[in-house]
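Reader: Hey, can you walk me through this one? I'd like to start with a helix.

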Amino acid sequence: MDSTQLLKGVLDMAVLAVIVDDDGYGYDIVRRLRAAGLDEVGDASVYGTLRRLYSAGALSSYVVPSDGGPHRKYYGMNANGRAMLAEQRSNWTAFADTLTQLLEKPQPAVHLPTIGDQS
């Protein structure tokens with residue numbers, strides 16, 4: 001299975017989850033996602049997600065000077081972001097529970113009558 005397609009659908013939630021308790025800058029967030037097992041996450045995807053979440057009002061940001069390089073732009077969650085993560089977490093849990101049940105116990109076929117079906 002190509003997990004990159006799955007990741008596209010949940011990247012917003014994953015990014016929010018890794019900064020829920022601790023603000024982070026772009027590459028730091030990429031490292032946290034990879035350390036959590038999302039090895040295929042791309043830098044550009046995460047930076048795009050951060051910009052989108054910031055534009056949607058889910059994140060706040062601030063710049064911190066760095067001793068060894070350019071300034072770093074940190075992102076943190078605000079109340080809107082926490083509400084967004086809570087909703088996405090609930091939706092994900094319901095979806096994953098349903099799919100897990102389906103995989104563990106496939107449902108029998110249901111006969112749906114069609115036009116002209118006499119059975």
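Reader: What span should the 26 residues of helix α4 have, and how far apart are its end C-alpha atoms?
Author: At 1.5 Å a residue, α4 (residues 79–104) should span 38 Å, and its end C-alpha atoms are 37 Å apart, which agrees. The expected span is 1.5 Å times one less than the number of residues. Helices here are DSSP runs of H or I with at least four residues, strands are E runs with at least two, and both are numbered from the N terminus.

Reader: Is this an experimental structure or a predicted one?
Author: It's a predicted model: local features need pLDDT of at least 70, side-chain atom pairs count only at pLDDT 80 or more, and totals for chains, interfaces and linings use all residues. Residues are numbered from 1 along each chain as its sequence is written, and side-chain values use heavy atoms, leaving out hydrogens and water.

Reader: OK, new topic. At what angle do α1 and α3 cross?
Author: Helix α1 (residues 3–18) and helix α3 (residues 43–55) cross at roughly 80°, with axes that come within 10 Å. Axes are lines fitted to C-alpha atoms, for helices over the stretch in contact, and angles run from 0 to 180 degrees between N-to-C directions. The two helices are therefore roughly perpendicular, a label for 65 to 115 degrees.

Reader: Which residues meet there?
Author: L11, D12, V15 and L16 of α1 meet S45, V46, T49, L50, R52 and L53 of α3, where contact means heavy atoms within 4.5 Å.

Reader: And the strands, how many bridges do β2 and β3 have?
Author: Strand β2 (residues 59–64) pairs with β3 over six bridges, antiparallel; pairing takes at least two DSSP bridges. S60 stands opposite G76 in β3.

Methods: Parallel < 35°, antiparallel > 145°, perpendicular 65-115°, else oblique.
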